[in-house]
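This report describes a model and the way its parts meet. Please consult the sequence and the structure shown here.

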Amino acid sequence: MFENLKWKLVERPILPIGNTYLDAFVFLVFFGLLFFAGIALKNKRGIGLRPFVQAVTFVFFIFIVHRCFCALRGTIFSFQDIGKNDLNVFNGLFILVPLIAFTLLFGRIFCAWLCPLGFMQEVFFRVPFIKRIILDPAPRIKRLRLLLLVAIFFAAVFLLLEFRPKTFFFVQNIASFWGLATIILAGLFVLNPGADLKLKKLRYFLLFIWLFIIFLGIFVTDPWCALYGNEIDYSSLVGLFAVLATAAIVPMAWCRYLCPLGSSLSLMAKFFQIKIKVKKDSVISKIEARQICYVQALEEKALDKSSCLFCKRCVEAGASEIEEL
Amino acid sequence: MACCVKKLTNVLVFCLIFLATNAYCDDWTGFQHDSTHSGSSTVSFADEFITHLWTFSPTGRTWNYKSGSSVWSSSACIVDVKGKSIIYAGFYNNNFYAVDAKDGSLIWRFIAGNRFNHAPVFAEINSRPMVFAACSDRTIYALDALSGEKIWGYETLPWSYMLSEAIVSSPIIIRLDNLSLLACAVWNSSQMPFNSFQKGQLYVLNAASGEKLYSVVLSATPLNSPCLGNINGEPAIFISSNDGSVFALNAKDGKVIWQVILDSGLFSSPSILSDKQNSRIFIGSRFGNLYCLDAVTGKTIWTKKTGHAIDSTPAIGNIDGNAYVYIGSYDRNIYCFDAATGEKVWNYKTGDYVVSSCALARISGRAVVFAHSLDNKLYCLDGLNGSVVWNFDLGKLIWAYNTRGDTIWSSPAVGMAGDKPILVFPCYDSKLYAFSAAIGGSN
């Protein structure tokens, strides 16, 4: 049925670098979008452009070109190839260098403005019906959310067991285990929303494990690998299912608690140049803060800078202001 | 009556001569059977009760696996040398072995400076049976097929401290104007400060003497095994590189006729299907596409997307007048596509990645595909509908994990051990397994 479905519009490099499959056009677009997002962030009316940038990025990288942003595994593997295979090194670093540079300048701008997986998760929060369920503090809705998470968990376990490879069981399924972990952490958050900050701190520990596994030489896949269509691994698909389904219950749970790339960018974001600060005269309640901020970086009187995605929704809502450039 | 007996005898003699000739013609002489990488043999097993015949274990022990290492032995070739069926395969222990195909006993071995990761090629040069193999010690060796004596060795680059291990390809033999050429790709890299280089180079040597005729630098990344076809009647070499390019070169002088850049890295070698109308090249990519390219222009005729990356080399079989392409994918499937249209004929899902290339043969006249999957099984599938005819459990891998793409997995080969068809698979447990049908077969 889907055999003749063409997922990617362009399957060859548009501007081949040195007669290779590497496409300068992809990198230029990536760089351009980051730059555009940075400019839009500076502008007071820039917030309105965010969905546009997100949509363009999503369509361009998911349906038009076939390149994948392998920012962690690809980079670490490419470091191992320095002096041996320059093409791999170039491939690995070409994405990472602008990503680090823009993160240092604008914070986790990639997460809020460009990341296709973040965009897909955010879409759920924009559906009024889902948003109402997500934000409704009533105990029976809480029970329903828990029940749904349990159902998603078992569905993901079923898919994992159904599609698991016969050999290398653990190492080939890391993406699915991370997907399962997302569901568990989201469940803990539903049980006790006050534990959000503690759960968020877990991501650095999980990032350490993730990097350690890559350093061991294991070909780690990520739920977002499947999105790009370049690495449609069964574990990535199961992970992607878990991440997206969980996002309908707990907004952007993957970005908050587990995303390895997001976690590493959040470490760099501590040094970023633009700062968002909660207004001193701001009088927003906890509920309002939750409604404004997808990732719950905004508290009543504070902003969790490492979690802030720089979507500027809080600035638009008048709760925060950009402090300095 | 006497006349009938004489006629019958003549027929029998003709049949025997035909079988003998055919047996020689259908030797599995190199990587994927021949210089076109068809992977297709006309050897026919008598029945589907294929059983383990013998195991050749070079050392009786296995060294530790390390990431980036090859599988324990390269793909084998099975040939009839002066009436003796011999299997040639290089191993991880820097040794190249000639093994008696009938019983798996060692005939001779040759020790080189590094591992043999790729299949050797056999050819008779000036009536002398020779076997050629490229080694990771940057050298291409020509050995006497009967004695193992080194005839010549061509070192592609002199040794230095800063050189990495060479990545070589399986060589092919090109017959050109009464001259036998050996084409082989070698990737050398030096980490010399300020003067480092990475060169994927195609070497064409005189097969008789080892003299270099020409070499062409095609890429900064490793090259895959070349294959031989023709463009407008002229012999042409087709080769792919890890950076995503497919090249067509004039076999006479090495001039690039065309180059196309495909979607992603290429770790699959091209295969050629030549018929009366045109020649087509088949190759799989890391993006999961199987490409059918026009050999004359390099233009894409059709593409088919599988669920994951393709590293295996397509095998091409002709069944009842129709050509089919068989390929394994990281999506765990073994696929059969119609070579003319690209329509999927069937797919069979195994338990894990299918990285090695398929070998085609027959069982009781029925076309079958032999393929290895990383679910540790060797499969035999029906060539027309993909149903499982036979499978063999090779046992667990002897290491906990291998980084995807780091290991070169060997592929099965089919040939004759005297009058008995055999299937040979150099396995990841450092052993060479041979299988045969219980009641023989034909060629």
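## Domain contact in chain A

In this predicted model, 22 residues of domain 1 of chain A are in contact with 28 residues of domain 2 of chain A (contact: C-beta atoms, placed from the backbone, within 7 Å). The side of domain 1 that touches domain 2 comprises 15 nonpolar, 4 polar and 3 charged residues; Ala, Val, Leu, Ile, Met, Phe, Trp, Tyr, Cys and Pro count as nonpolar, Asp, Glu, Lys and Arg as charged, and the others, Gly among them, as polar.

Domain 1 covers 24-118 and domain 2 covers 121-275, with bounds from an automatic or database domain assignment. Their C-alpha centres lie 21 Å apart.

## Overall form of chain A

Chain A has 16 helices and 2 strands (DSSP runs numbered from the N terminus: helices H or I, at least four residues; strands E, at least two). Of its 325 residues, 48% count as buried, meaning that 20 or more other C-beta atoms, placed from the backbone, lie within 10 Å of the residue's own.

The C-alpha trace spans about 60 × 45 × 40 Å along its principal axes.

## Contact between chains

The contact between the chains takes 31 residues from chain B and 25 residues from chain A. On the chain B side, 7 are nonpolar, 18 polar and 6 charged.

## Basis of the model

Residues are numbered from 1 along each chain as its sequence is written, and chains are lettered from A and ligands numbered from 1 in the order in which they are written. In this predicted model, local features need pLDDT of at least 70 and side-chain atom pairs count only at pLDDT 80 or more, whereas totals for chains, interfaces and linings use all residues.

Note on methods: A residue is buried if 20 or more other C-beta atoms lie within 10 Å of its own, exposed if 12 or fewer, and partly exposed in between; C-beta atoms are placed from the backbone. Two residues are in contact if their C-beta atoms, placed from the backbone, lie within 7 Å.
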